[in-house]
Amino acid sequence: MASPLNRRLFLTGSVGAAAALGLAACGNTGGGEPEAAEVDPSSFAEGSTMAALAEAGKITIGTKFDQPLFGQAGPDGTPVGFDVEIGKILAGALGIEAGNIEWVETVSANREPFIENGQVDLVVATYTINDTRKEVVDFAGPYYVAGQALMVLVDNEDITGEDSLAGKKVASVEGSTPAQYILDNHPDAELVNFDTYSNCVTALINGQVDVVTTDNVILAGFVESDPDNLKLVNDGETFTEEPYGVGLAKGDDDFRTFLNDTLEAAYEDGSWAEAWESTAGVVLPTPEPPAVDRY
């Protein structure tokens with residue numbers, strides 16, 4: 001794996017015109033790969049993450065490999081999905097072609113360590129922004145707001161919502177916000193943690209657990225891929241808000257500003273909507289993009 005260039009650089013200038021230059025021509029053109037911008041690396045602040053990545057012409061992005069619609073490994077091992085398309089848009093604004101992105105599989109428990117250790121430059125992986133995570137990493141976005149829901153086997157009539165979880169075995173992923181929600185709000189349920197959501201689904205189908213909980217869009221992808229066995233409780237009714245953000249190194253403020261600028265430009269030029277409609281949009285309606293939080 002190539003060494004990522006995100007090394008906790010604390011930046012010394014504003015992105016200014018460089019950001020505007022990077023935002024040009026990073027949309028998807030006619031359903032193919034997003035077009036990378038024409039970028040002069042020297043237009044970015046000297047010593048900045050943007051300058052280093054643009055000069056290298058490559059970037060390392062962490063994403064999920066097992067989540068239909070958002071990040072799932074394809075036949076050749078390359079992930080596909082909405083998160084992947086967001087990663088391509090961000091890379092394109094730095095002049096980096098999609099083929100020069102190194103995708104690294106991240107699971108919920110290792111997203112912060114991968115960023116902290118410099119194993120990735122960014123994480124785009126159904127990554128909920130919360131205050132605890134913001135103590136160790138920073139976030140751009142959000143670029144989508146999901147909500148926690150429940151998924152059961154198609155013949156299950158016992159679980160009708162979160163108020164019916166008492167005594168049930170509830171599967172989720174270790175280190176995820178949905179798992180923590182169950183611990184905090186449903187102590188009478190038995191939380192069973194797995195490393196990936198695909199393993200949660202396998203446990204559900206095998207009868208090891210009664211229900212799987214995570215974000216509605218993740219569960220919708222699993223149901224869409226196996227409707228004969230799986231269903232959403234109450235049509236995917238949600239009971240939390242999960243703002244998905246782009247994880248990056250703590251304190252890299254100018255890079256975060258650049259990423260937020262890029263996301264807002266994608267909202268305006270239609271590339272965000274096109275990314276959604278070509279991935280998650282095959283199952284779910286196109287939402288309004290959320291306002292980014294420039295904290």
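In this predicted model, Arg256 lies over the face of Tyr295, at 4.3 Å from the ring centre. The charged end of Lys134 also sits over the ring of Tyr295, at 4.0 Å from its centre.

**Aromatic pairs**

- Counting rings of Phe, Tyr and Trp whose centres lie within 6.5 Å, the structure comes to 15 aromatic pairs.
- One of these is the edge-to-face pair of Phe82 and Trp276, with 5.0 Å centre to centre and 80 degrees between the planes.
- Because Phe82 belongs to helix α3 (residues 82-92) and Trp276 to helix α9 (residues 271-277), this pair ties together parts that are 194 residues apart in sequence, and both Phe82 and Trp276 are buried.
- Another pair, formed by Tyr144 and Tyr244, is tilted, with 5.8 Å centre to centre and 55 degrees between the planes.
- Tyr144 lies in strand β7 (residues 137-146) and Tyr244 in strand β13 (residues 242-249), so this pair ties together parts that are 100 residues apart in sequence.
- Tyr144 has a relative accessible area of 8% and is therefore buried, given that the term applies under 20%, and Tyr244, at 0% relative accessibility, counts as buried too.
- Ring pairs link Phe82, Trp276, Tyr144 and Tyr244 into a cluster that also includes Phe70, Tyr143, Tyr267 and Trp272.

**The helix and strands behind these pairs**

- Helix α3, which holds Phe82, has eleven of its eleven residues buried, so the helix is largely enclosed by the rest of the structure.
- The buried residues of α3 include the charged residues Asp83, Glu85 and Lys88, as well as Val84, Ile86, Ile89 and Leu90.
- Strand β7, where Tyr144 lies, has nine of its ten residues buried, so this strand is likewise largely enclosed by the rest of the structure.

**The largest pocket**

- The largest pocket holds about 220 Å³ of space, and of the 14 residues that line it, Asn130, Thr132, Arg133, Gly175 and Thr177 are the closest to its centre.
- Helix α5 (residues 177-185) gives the largest share of this lining, three residues.
- By class, the lining of the largest pocket has eight polar, four charged and two nonpolar residues.

**The cavities**

- The largest cavity is lined by 13 residues, with Thr126, Ser176, Pro178, Tyr197 and Asp215 lying nearest its centre.
- At least two residues of the lining of the largest cavity come from each of α5 and β11 (211-215), and by class this lining has six polar, four charged and three nonpolar residues.
- The second largest cavity has a volume of about 50 Å³, and among the residues that line it are Lys64, Phe65, Asp66, Glu105, Val173, Asp195 and Tyr197.
- The residues lining the second largest cavity divide into four nonpolar, four polar and four charged.
- Tyr197 lies nearest the centre of the largest cavity together with Thr126, Ser176, Pro178 and Asp215, and Tyr197 also lines the second largest cavity.

How values were computed. Residues numbered from 1 in each chain as written. Predicted model: local features only at pLDDT ≥ 70, side-chain atom pairs only at ≥ 80, totals over all residues. Heavy atoms only, no water. Phe/Tyr/Trp six-rings, centres within 6.5 Å; stacked < 30°, edge-to-face > 60°. Helix = DSSP H or I, 4+ residues; strand = E, 2+ residues; numbered from the N terminus. Buried < 20%, exposed > 50% of the residue type's maximum accessible area, 1.4 Å probe, protein only. Lys NZ or Arg CZ within 6 Å of the ring centre and 35° of its normal. 1 Å grid on protein atoms, 1.4 Å probe; cavity = no way out; pocket = protein on both sides within 12 Å on 5 of 7 lines; lining within 4 Å. Points joined across faces, edges and corners; volume = space filled by probe spheres on them.
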